[in-house]
Amino acid sequence: MPLKEQDSDIREIIPPLELSDPNITIFIFSACIVSFIILTIHPLLTWLKIRKKGAAYKARDLRKEAISKLHNLKIKVNTLPAKEVAFEIINSIRPLLKEKFGSSALTLTTNEFFTYFKEISKYVLGDKQYKSLVEILSRCDSLRFSSSHISNSERESLINESLEFTRNFPKINGNSTTD
């Protein structure tokens, strides 16, 4: 009888399900479609990103900005105190000097600037422009640190000299003066 019991146990076992092999061509075809989509969209997104940055970045014309600031200052010269006039003149000229002499020029006092950049500024700006820069910065320093009352005509003449200096400032990427 033991054989009969064994037979009955064997018959009760269900055979495993037969799974067919997955069709590999479907996977390969799906992977090709996904990779094609990714490879198509990536350059498009990169192009859009570059285009967006290019549109946002416009080359600034520092001379035009400085001239505009100085013209606005010329209009309000009668309402501003002398110290603020000097401060505005220096802030108008500062970006031009930064582009020509680097950002280290901005942290220096007038005397330090001319000590460190004397020869370079004579070469880059020319003798006439160098003397004009020395005069403008010296007069601005005297306006900022002087306790005496400076007339509006002296402030206007300083603004006019600054405008002339800015108009004749050499091109940022060259040493020649522009029209």
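**Stop 1: Phe 169.** Select Phe 169 first. Phe 169 is buried, at 0% relative accessible area. Buried here means under 20% relative accessible area, exposed over 50%, and partly exposed in between, with a 1.4 Å probe and protein chains only.

Some ground rules before moving on. This is a predicted model, in which local features need pLDDT of at least 70, side-chain atom pairs count only at pLDDT 80 or more, and totals for chains, interfaces and linings use all residues. Residues are numbered from 1 along each chain as its sequence is written, and side-chain values use heavy atoms, with hydrogens and water left out.

Stop 2: How many aromatic pairs does the structure hold? It holds 1. Phe 165 and Phe 169 form that pair, edge-to-face, 5.5 Å centre to centre with 70° between the planes. Rings of Phe, Tyr and Trp (its six-membered ring) pair if their centres lie within 6.5 Å; planes under 30 degrees apart are stacked, over 60 edge-to-face, the rest tilted.

**Stop 3: helix α7.** Now select residues 152-167. This is α7, with 16 residues. From first C-alpha to last it reaches 22 Å, close to the 22 Å expected at 1.5 Å a residue. That expected span is 1.5 Å times one less than the number of residues. Helices are DSSP runs (H or I, at least four residues) and strands are runs of E (at least two), numbered from the N terminus.

Colour the buried residues of α7: Arg 155, Leu 158, Ile 159, Ser 162, Leu 163, Phe 165 and Thr 166. Look down the axis of α7: these buried residues fall within an arc of 165°, so they line one face of the helix. The arc is taken from the directions from helix axis to C-beta atoms.

What covers them? Show α3 (62-75), α4 (82-101) and α6 (127-145), which are included in the cover over the buried residues of α7.

**Stop 4: the whole chain.** Zoom out. The protein has 7 helices and 0 strands. Of its 179 residues, 26% count as buried. Among contacts (heavy atoms within 4.5 Å) between residues at least 6 apart in sequence, 66% join residues at least 24 apart.
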